[in-house]
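Let's walk through a protein model together, one step at a time.

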Amino acid sequence: VGDEAPDFELFGIDDKKHQLSSFRGRRVLLSFFRYAACPICLYSVDRMKQQNDLLTRADIVTICVYRSTPKNIEKFASKHMSDDFVALSDKKGGVYISFQVKRSFPAVLRSTGLGLKNLKQLLPYMRVDNTDFVGNGQHNQLPADFMIDEDGIIVDLFRARIIQDHMPFDRVE
């Protein structure tokens, strides 16, 4: 908090490069997810979509970053996002490293137990054709959220301890 957000340039599902600094002058909610077909991530982004009115009223741009290709983001995650969200691919994880987004196998194992408890909620997000998971290698990636002000300064951040954690919306508000 208080540091300038590291600038980056990533491809979106629109096949265009998007640069974080191009959003200067607007507030940004930068959310890092595991990979595009992750059922828990899809559930989380769906919950963010439900808060889209709050985000829009506050003139907050929502940027969702995935450890997936743009094609897989389009295939698996785009229908769960609001049309206002910007979905970006960081398959190699360089931006995750710049923002010090954590990875943890123990956290994923704890999360798996919680996911099994909530299996009924997650079933609509599970896909049989989940090619995004196979060979992804980023199954231990934890989510993180960064609120960035109009000047590109990080004003709040949230680092997940389990894979379904994201910044609570009362903090966003």
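Predicted model: local features only at pLDDT ≥ 70, side-chain atom pairs only at ≥ 80, totals over all residues.

Residues are numbered from 1 along each chain as its sequence is written, and side-chain values use heavy atoms, with hydrogens and water left out.

Start with the fold. The protein chain has seven helices and seven strands; these are DSSP runs numbered from the N terminus, with helices (H or I) of at least four residues and strands (E) of at least two. Along the sequence they follow the pattern β-β-β-α-α-β-α-β-α-α-α-β-β-α. Of the 173 residues, 51% count as buried, where buried means under 20% relative accessible area, exposed over 50% and partly exposed in between (1.4 Å probe, protein chains only).

Now look for the rings. The structure holds six aromatic pairs. Rings of Phe, Tyr and Trp (its six-membered ring) pair if their centres lie within 6.5 Å; planes under 30 degrees apart count as stacked, over 60 as edge-to-face and the rest as tilted. The pair of Phe32 and Phe99 is tilted because the ring centres are 5.5 Å apart and the planes stand at 45°. Phe32 lies in strand β3 (residues 27-32) and Phe99 in the loop between α4 (94-98) and α5 (105-117), so this pair links parts of the chain 67 residues apart. Phe99 also pairs edge-to-face with Phe146, at 4.9 Å centre to centre and 65° between the planes. Phe146 belongs to strand β6 (residues 144-148), 47 residues from Phe99. Phe99 counts as buried because its relative accessibility is 3%, and Phe146 counts as buried because its value is 2%. Together, Phe8, Phe32, Tyr96, Phe99 and Phe146 form one aromatic cluster.

Next come the cores. In soluble globular proteins, nonpolar side chains tend to be buried together. A nonpolar core is a set of buried Ala, Val, Leu, Ile, Met, Phe, Trp, Tyr and Cys residues joined through side-chain atoms within 4.5 Å. Here the largest one has 30 residues, and Cys64, Tyr66 and Met81 have the most contacts inside it. Its largest share, five residues, comes from α1. Leaving aside neighbours within four places in sequence, Met81 is in contact (heavy atoms within 4.5 Å) with Val45, Lys49, Cys64, Tyr66, Ile73 and Ala87. A second, separate core of 21 residues includes Leu20, Leu30, Val86 and Leu88.

Grid points are joined across faces, edges and corners, and a volume is the space filled by probe spheres set on the points. The largest cavity has a volume of about 80 Å³, and its lining includes Leu20, Phe23 and Ile148. The second largest pocket has a volume of about 190 Å³. Of its 13 lining residues, Arg47, Met48, His166, Met167 and Phe169 lie nearest its centre.

Technical notes: 1 Å grid on protein atoms, 1.4 Å probe; cavity = no way out; pocket = protein on both sides within 12 Å on 5 of 7 lines; lining within 4 Å.
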